[in-house]
Amino acid sequence: MNSFTYTRATTLETAVQDKASAELAKFIAGGTNLTDLMKVNVEGPNHLIDIRQLALKDITDNADGGLRLGALATNADTAYHEQVAKRYPLLAKAILAGASAQLRNMATNGGNILQRTRCYYFYDTATACNKREPGSGCAALSGFNRIHAILGASEHCIAVHPSDMAIALAALEANVNVTGQQGNRTIPFSDFHRLPGDAPHLDNTLQPDEIITSIDLPAKGFAQHHAYLKLRDRESYAFALVSVAAGLEMDGDTITEARIALGGVAHKPWRNREAEDLLTGKSATEENFKLAAAEIMREAKGYEHNSFKIELGKRAIMRALEQAVKMSNKPDSHFHRTSTEPV
Ligand code: SF4
């Protein structure tokens with residue numbers, strides 16, 4: 001691990017200035033991904049700016065009826081927050097499907113959506129990886145690519161985004177608020193993460209001097225009809241092979257609005273507006289779900305070890321939509337911290 005200097009930021013302004021003044025500086029909050037990457041020499045910041053003292057932990061109502069999630073609120077405090085659990089259970093379920101209780105207690109909302117891919121080769125500095133070292137190649141293309149992308153990949157990178165929370169935020173059409181030397185701006189969630197193209201080292205559209213301050217949830221939370229379905233190799237503490245965040249607005253048996261976001265299949269949370277439009281105004285039937293699933297996977301491309309994800313993805317979409325239709329909005333016991341869960 002490289003040596004580095006360390007400071008604690010006490011204001012947003014000094015955090016931004018400090019970051020801008022050192023090219024290899026990094027913000028650190030929960031540190032649950034960054035410290036792992038530093039230990040294996042994938043990240044080598046020469047300066048760490050600890051932002052945990054910044055006043056960005058609150059979860060508050062927005063004037064438009066939505067909810068603002070502080071960037072430094074922990075994943076656990078967000079998932080268990082009364083208003084999140086009640087109005088945005090899709091988000092709470094997605095957060096609780098990720099990581100472990102201990103990690104969720106440390107990881108922050110801003111850090112969650114900034115976490116980096118878990119591609120094995122990205123973590124292995126003995127292999128070629130365009131994301132870690134631009135221009136070096138992509139070992140996953142001819143390697144073991146079981147966990148890799150089937151949608152939106154490029155010849156330069158086939159990695160997937162690992163976050164569960166981000167998939168729900170994509171379905172909810174959240175907005176990411178950031179601040180930097182040029183001032184404040186708001187990034188629609190669909191524009192926050194990037195596809196790899198010929199620059200896979202860039203995961204998102206955040207500028208180097210910018211810091212996430214909060215994430216805004218619109219008023220519509222799909223609390224009545226939603227599902228987060230995560231399919232993985234083991235029941236807990238594993239990343240998704242395929243995940244689906246589904247939100248439906250229903251009028252009787254008719255779907256009046258559909259949102260479907262997929263995880264584990266692309267470099268960013270994957271939305272397909274054509275497929276969602278296919279369901280709008282239609283009955284909630286297996287046949288219509290099948291059509292939507294086929295549309296979402298129409299351009300999917302498998303590699304040697306991950307073609308199974310195409311059929312798995314179709315089935316997961318159909319099952320998530322069925323679950324969203326049938327769900328009742330009873331309180332979910334998962335939204336209550338247990339007496340054995342660390343806080
Ligand atoms: Fe690197 Fe992306 Fe290839 Fe993985 S898939 S080895 S992250 S370039």
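**Aromatic contacts and an open sheet in a predicted model**

The charged end of Lys19 sits over the ring of Phe27, 5.4 Å from the ring centre (the criterion being NZ of Lys or CZ of Arg within 6 Å of the ring centre and within 35 degrees of the ring normal). The model is predicted, so local features need pLDDT of at least 70 and side-chain atom pairs count only at pLDDT 80 or more, while totals for chains, interfaces and linings use all residues. Residues are numbered from 1 along each chain as its sequence is written, and side-chain values use heavy atoms, with hydrogens and water left out.

Four aromatic pairs are found in the structure (rings of Phe, Tyr and Trp, the last by its six-membered ring, with centres within 6.5 Å; planes under 30 degrees apart are stacked, over 60 edge-to-face and the rest tilted). One of them is the stacked pair of Tyr120 and Phe144, at 6.0 Å centre to centre and 15 degrees between the planes. This pair links distant parts of the chain, 24 residues apart: Tyr120 lies in helix α8 (residues 120-123) and Phe144 in the loop between α9 (139-142) and α10. Helices (H or I, at least four residues) and strands (E, at least two) are DSSP runs, numbered from the N terminus. Tyr120 is partly exposed, with a relative accessible area of 34%, and Phe144 is partly exposed at 39% (buried is under 20% relative accessible area, exposed over 50%, partly exposed in between; 1.4 Å probe, protein chains only). Together with Tyr121, these two residues form one aromatic cluster.

Phe189 and Phe192 also stack, at 6.4 Å centre to centre with 20 degrees between the planes. Both lie in helix α11 (residues 189-192), three residues apart, about one turn of the helix, and both are buried.

Turning to the sheet, four strands form an open arrangement in the order β9-β10-β11-β12, with antiparallel pairing (strands pair if DSSP finds at least two bridges between them). β9 and β12 (270-271) stand at the edges with a single partner strand each, so one side of each has no neighbour in the sheet. β9 and β10 are joined by six bridges, and Leu229 has Val244 in β10 as its bridge partner.

Helix α14 (residues 308-326) has 19 residues. Its buried residues include Ile310, Ile317 and Leu321. The buried residues of α14 pack against β9 (226-231), β10 (242-251), β11 (254-263), α12 (273-279) and α13 (286-296), where contact means heavy atoms within 4.5 Å.

Note on methods:
Expected span 1.5 Å × (residues − 1).
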